[in-house]
Amino acid sequence: FHVFSILKTTNRIAWMIDGYEFQSYTPDDIQPKYSWPFENTYHIILNVATGGLWPGYPDDSTVFPTQMEVDYVRVYNMTDGQTVPLINGTRLVHQGDKQVEYCILNADGAGITWEAPSGSTFVASSNTNCILVDFGSSSGYLKADVTSSC
């Protein structure tokens, strides 16, 4: 299973996959001729879509019918001022990239445990809540467990 999340506050919405931010928007990202749509009532729609640019259009290897299994759906009401820690850094890196900095935002005073892809190494950065990663030849995700006393 994967964990898909939407983190919504008054002036920001972010889509997450397995704890990694995939996309985010703020009112400043919206063209002036449009209004910020995320303050309206809306619904959660779960949909299995087939085709498009990722992972590609159906071909002879595409299995039909397909299904989506959902373990649970949770909705939390976060008030203004509450925050969720987020990893901030370069999304696209190449094999062997060195000294790529990643930071945890909104985690002041929290404990952070980092995990890098196999073959990668990291050291603490001079910036608070940040690390510098030397990527190896394996792909994977950079992960951070954030613990807080609150």
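The legends below describe close-up views of a predicted model.

Residues are numbered from 1 along each chain as its sequence is written, and side-chain values rest on heavy atoms, with hydrogens and water left out. Because the model is predicted, local features need pLDDT of at least 70 and side-chain atom pairs count only at pLDDT 80 or more, whereas totals for chains, interfaces and linings use all residues.

**View 1. An open sheet of three antiparallel strands.** The strands follow the order β1-β2-β3 with antiparallel pairing; strands are DSSP runs of E with at least two residues, numbered from the N terminus, and two of them pair if DSSP finds at least two bridges between them. Strands β1 (4-9) and β3 (20-25) stand at the edges with a single partner strand each, so one side of each has no neighbour in the sheet. Neighbouring strands of this sheet are turned against each other by 20 degrees on average, direction ignored, where the axes are lines fitted to C-alpha atoms and angles between N-to-C directions run from 0 to 180 degrees. Strand β1 is joined to β2 (residues 12-17) by six bridges, and Phe4 has Ile17 in β2 as its bridge partner.

View 2. With neighbours within four places in sequence left aside, Lys8 is in contact (heavy atoms within 4.5 Å) with Ile13, Phe38, Glu39 and Tyr42.

**View 3. An aromatic cluster of Trp15, Tyr25, Trp36 and Phe38.** The structure holds four aromatic pairs, where rings of Phe, Tyr and Trp (its six-membered ring) pair if their centres lie within 6.5 Å, and planes under 30 degrees apart count as stacked, over 60 as edge-to-face and the rest as tilted. One of these is formed by Trp15 and Phe38, whose ring centres are 6.1 Å apart and whose planes stand at 70 degrees, so the pair is edge-to-face. Since Trp15 lies in strand β2 and Phe38 in the loop between β3 and β4 (86-89), the pair ties together parts that are 23 residues apart in sequence. The rings of Trp36 and Phe38 have centres 4.9 Å apart and planes at 70 degrees, so this pair is edge-to-face. Trp15 is partly exposed at 27% relative accessible area, whereas Trp36 is buried at 15%; buried means under 20%, exposed over 50% and partly exposed in between (1.4 Å probe, protein chains only).

**View 4. The disulfide of Cys103 and Cys130.** The structure holds one disulfide, defined as a pair of cysteine sulfur atoms within 2.5 Å, and the S to S distance between Cys103 and Cys130 is 1.9 Å. The link is right-handed, with 110 degrees about the S-S bond. Cys103 belongs to strand β5 (residues 100-105) and Cys130 to strand β8 (residues 130-134), so the pair ties together parts that are 27 residues apart in sequence. Cys103 is buried with a relative accessible area of 13%, and Cys130 counts as buried at 7%.

**View 5. Ser120 in the loop between β6 (111-115) and β7 (121-124).** Ser120 is buried, with a relative accessible area of 13%, and its side chain reaches the backbone nitrogen of Gly136 at 3.3 Å. Not counting residues up to four places away in sequence, Ser120 touches Val133, Asp134, Phe135 and Gly136.

Conventions: Helices (H or I, at least four residues) and strands (E, at least two) are DSSP runs, numbered from the N terminus. A polar contact is a pair of N or O atoms within 3.5 Å; within protein, one must be able to donate a hydrogen and the other to accept it, and residues adjacent in sequence count only if both atoms are side-chain atoms.
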